[in-house]
Amino acid sequence: MTEPSTTDTAEPARAEPVHSVLGRLRAEVAKAVVGQDGVVAGLVIALLCRGHVLLEGPPGVAKTLLVRSLGAALDLEMKRIQFTPDLMPGDVTGSVVYDPRSAEFQFRPGPVFTNVLLADEINRTPPKTQSSLLEVMEERQVSADGVTRPLPEPFLVAATQNPIEHEGTYPLPEAQVDRFLLKLTVPLPARDEELGVLRAHHAGFDPRDLGAVGIKAVAGPMELAAAREAVGRVTVTEPVLGYIVDVCRATRATPSVELGASPRGATSLLATAKAWAWLGGRDHVTPDDVKVMARPTLRHRLRLTPEAELEGVTAESVLDSVLASVPTPR
C-alpha cells in the first residue's frame, strides 16, 4: 500500500473538510513515527470500514507507538493489553465481582471498553483467552452474567504479533484471523528513515511521552462518522463487483491453497476498496483499487497446503498469481 492522495478535488463538497482532516492525521502521526505511511493509511481504512487490524513485524519497528500516536491524533481513548500465557478471558473483557459494601455482584469492565484496543503480541496467549475477543470484534459487545454490554463507538482492535518467534506462541484460529479486516506488515525502515529515528532520539525524543512530541487531536468520532457516510456513497459497478468475487473464488481454486478467501473476505475487499477509492478522491471504485487492497485484505485469509509451504510458496505469491490471471474488467 502506498500513501493515498488527498489533493484530488473530485470528492463531493460535503466530504472535503473530512478529507483534509485525514490528511493532517498522517502528519500528526509522523511527529512520532518516521515513515510507515502505508500502515497509517491501513489503520485509517480500518476505522472507516469499522474493521480491525493485525500488525505483523519484527520487534522494534514502532508498532505500539504507531497505534498510540493514531489514538492521540484522533482524540480517542486507547488502552493496551500485553497478552501473556497466564492472561485470563476476564482480564480482557471484564468480570463479575462481589462488592462487600453493597453485598451485590457487579460487573467490572475490562480494557476492551475503549475506542482503540492495542492487543500486544496477541499470539502469546492461549486460545481460551484469544477467543474472548471473538464476540468483541464481531458483535462489538461483551456478554457477561446474562447481560450484553455494547462497546464504545468507534472501536478498533489493533493486534500485533512477531512473525519470527514461534516458541511459546499460539497461532490464531482461522475464525479469529478472518475477523481482522486487514493484515498490515510493518517493515524495517529504510536507511534515511532510520537516520531520522536516531536524530529524533538524539534530540531528546521520548516515545513514552507523546505530549512532549506535540501530537494534537485533529479529528474525532464526529469526523470519522462523516467520513464513513462519504465512503458509503462510493459507487461500485457490476463488473467491479464481479471482479472482486472472481478474485476471491480464484484463491479457493488455487492448488497450493488449502483454505481460500471466504465470502466475508469478499465483502471486506469491497469495503476496503471503497475506502481506498474515497481516500484517493474518487466517488467510484476501479479495478486498480481492488488490486491495491487485495493483498492486505486477503493475505491472512489464505491457508497454504503443507506441500506448498515446503516449496516456499507464500500467500503474497499466490495473490500475485491470482491478480495476474483473473481478467480485469474495463
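User: How far apart are the closest N and O atoms of Glu28 and Lys31?

Analyst: Side chains of opposite charge can pair when their charged atoms come close. In this predicted model, Glu28 and Lys31 make a salt bridge in which the closest N and O atoms lie 3.1 Å apart.

User: Which parts of the chain does the salt bridge between Glu56 and Lys183 link?

Analyst: The closest N and O atoms of Glu56 and Lys183 are 3.3 Å apart. This pair links distant parts of the chain, with Glu56 in strand β1 (residues 53–56) and Lys183 in strand β9 (residues 182–185), 127 residues apart. Both Glu56 and Lys183 are buried.

User: Where do Glu153 and Arg228 lie?

Analyst: Glu153 and Arg228 form a salt bridge with an N to O distance of 2.6 Å. Glu153 sits in the loop between β7 (147–150) and β8 (156–161), whereas Arg228 belongs to helix α10 (residues 221–232); the two are 75 residues apart in the chain. Glu153 has a relative accessible area of 40% and is therefore partly exposed. Arg228, at 17%, is buried.

User: How do strands β3 and β4 run, and how many bridges join them?

Analyst: Strand β3 (residues 94–99) and β4 run antiparallel, joined by six bridges.

User: Which residues make the nonpolar surface patch?

Analyst: In a regular strand the side chains alternate between the two faces of the sheet. Here, Val96, Tyr98 and Phe105 make a nonpolar surface patch of about 330 Å². Phe105 lies in strand β4 (residues 104–109).

User: Why does Phe105 count as exposed?

Analyst: The exposed class needs over 50% relative accessible area. Phe105 has 62%, so Phe105 counts as exposed.

Terms used. Residues numbered from 1 in each chain as written. Predicted model: local features only at pLDDT ≥ 70, side-chain atom pairs only at ≥ 80, totals over all residues. Heavy atoms only, no water. Patch = residues over 30% accessible without salt bridge, like charges linked within 9 Å, V, L, I, M, F, W, Y side chains within 5 Å. Areas by Shrake-Rupley, 256 points an atom, 1.4 Å probe, with all protein chains shown as cover. Salt bridge = Lys/Arg side-chain N within 4 Å of Asp/Glu carboxyl O. Helix = DSSP H or I, 4+ residues; strand = E, 2+ residues; numbered from the N terminus. Buried < 20%, exposed > 50% of the residue type's maximum accessible area, 1.4 Å probe, protein only. Pairing = 2+ DSSP bridges.
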